[in-house]
Amino acid sequence: MTIGMFSSFITRHWFSAVAIDIWSDEATLQAWLDVEAALALAQSKLGLIPAEHAERIAACCDAKGFNYERLSQEIAFAQHPFVPVLKQLEERCGEPAAGFIHWGATTQNIFDTAIALQLKKTHQHLITVLDRTQQRLKSLALDHRQTLQAGRTHGQHALPMTFGFKAAGWHEEIHRSRQRLTARGTASFLAYFGGAIGTFAAMGGKGRAVEEEAARRLGLQPARLPLRSSFDRVADYLSALAVLAGSVHKIAEDIVFMQRSEIGEIEEAFHMGKVGSSTMAQKRNPSAALVLISLCRMLEGRLPMILASMVRMDEGDSSATNISDIVVSEIAILAVSIAEGTERVLSGLQVNTGAMRQNLDITQGLILSESAMMQLSPRIGRHKAHHLLYDAAQKTAMEGIPFAQTLADALKGAGLSDVTLDLAPEAYLGEINDIIQELNARRAASRGG
């Protein structure tokens, strides 16, 4: 029987198989054991435990062969998540090596360090996906830097722009998230070996050196001051994942809006057999973008639990770590699933340039009212130009008369019949082309997405 969104036959296709593998029970147990092995080898190098026993411990730190059913039963009975794991590891190592396992460490040291290992693997895959996504967005921006589209504010037409400009905005948000995650990664993937309260009291004065050596073996940074009650560095990285989700949430909402039947400017990939409704055969829903929105909301909704779990009583508090031990894995899987889903949606995105141009014209020229105002302003002042344009625009909106006509009438009434205005949308795109070209040049120079 399968229960839960990651394994349910209904929803499991939403989630990254790579991320689920990284955070599976088997991978989590192996991460715990990798930490125990690194600890033993580091301690033997520094003379805290005999080298032959450390090597025996490391050789036995293989999740294959552990009895998971027995672990589940014993964890429930002991009401402790790790002691039953140590018990099986001790049995596998035998005496006298068993007596040197977990020397000077506490369970949270192992769990927090293992989470860092898993987060680092997650991060590496996530960055690879984001790099490909940036490339796709850069291509959309360049390919459509002259594809006219209505720019909208508050759900209404505002000024003409191009679809390339919108894609460039998407690109820059994803790029900034990549930079943010990269900057936080090193400082957030930490090895913790401070013992019961983080003072290295059981390490015979060599605790910081042990942590440094174990961190090196694991490819992590040493925590240096490994207080069990401090979670801000991991929370910082997870907050950056939530910011990524916010950016993707916005992109997906844009796609859903632009795929509306009455808009029709873009459409996500469609294949025969993709079904939008069990009753309405015509439906071609933006289902992948809608799933993305759902995933983003799930991740965003978990961040408050992470922030709450930063509040840890005294020098250790399992009521907080119980939450983070679960929620970190969920956020990690959701983040990678969001990144992979974004790449899929953008890779199959179809752009309807004809609909974009048609929609640009539906206000009968009103989208160029600012352009007309700015052309008139040198002659009569911006304030007077705005008043004149306002009256002409509202007449178009209320009576359906083309804006070019109501504007001509307003100009005539103001004694400005000699004024000629350029109301071509192509002439009022600002610096869009330069912005996109500069974006491309910056990315090429840095060899980034």
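Where is His 144 found? I looked there to start, and His 144 sits in the loop between helix 6 (107-143) and strand 1 (148-153). Helices (H or I, at least four residues) and strands (E, at least two) are DSSP runs, numbered from the N terminus.

Ground rules, before I go on. This is a predicted model, where local features need pLDDT of at least 70 and side-chain atom pairs count only at pLDDT 80 or more, while totals for chains, interfaces and linings use all residues. Residues are numbered from 1 along each chain as its sequence is written, and side-chain values use heavy atoms, with hydrogens and water left out.

**His 144, continued.** I get a relative accessible area of 14% for His 144, so it is buried. My cut-offs: buried is under 20% relative accessible area, exposed is over 50%, and partly exposed is in between (1.4 Å probe, protein chains only). Not counting residues up to four places away in sequence, His 144 touches Thr 162, Phe 163, Gly 164, Val 351 and Thr 353. Contact here means heavy atoms within 4.5 Å.

**Cysteines.** I searched the whole structure for disulfides (a pair of cysteine sulfur atoms within 2.5 Å) and got zero. Cys 93 is buried at 5% relative accessibility, and Cys 296 is buried at 0%.

**Salt bridges.** My criterion is a side-chain nitrogen of Lys or Arg within 4 Å of a carboxyl oxygen of Asp or Glu. The whole structure has 18 of them.

- Glu 74 and Arg 70 pair at 2.8 Å, N to O. They are four residues apart in helix 4 (residues 68-78), so about one helical turn separates them. Arg 70 is partly exposed at 23%.
- Arg 297 and Glu 253 pair at 3.8 Å, N to O. Arg 297 is in helix 10 (residues 287-309) and Glu 253 in helix 9 (residues 232-258), so this bridge ties together parts 44 residues apart in sequence. Arg 297 is exposed at 51%, whereas Glu 253 is partly exposed at 34%.
- Arg 357 and Asp 361 pair at 3.4 Å, N to O. Both ends come out partly exposed, Arg 357 at 31% and Asp 361 at 40%.
- I also found one network, in which salt bridges that share partners join Lys 45, Glu 213, Arg 216 and Arg 217.

**Helix 10.** I checked its length against the expected span, which is 1.5 Å times one less than the number of residues. Its 23 residues should span 33 Å, and the end C-alpha atoms are 34 Å apart, which agrees. Its buried residues include Leu 292, Ile 293, Cys 296, Leu 299, Arg 302 and Ile 306. Helix 9 and helix 11 (318-347) are among what covers them.

**Cores.** I defined a nonpolar core as a set of buried Ala, Val, Leu, Ile, Met, Phe, Trp, Tyr and Cys residues joined through side-chain atoms within 4.5 Å. Which members of the largest one touch the most other members? Out of 116 residues, they are Leu 119, Leu 126, Trp 170, Leu 181, Leu 238, Ile 255 and Ile 306. I followed up on Leu 126: beyond four places in sequence, its contacts include Leu 181, Tyr 237, Leu 241 and Ala 335. There is also a second, separate core of 15 residues, with Ala 372, Leu 388, Ala 393 and Leu 421 among them.
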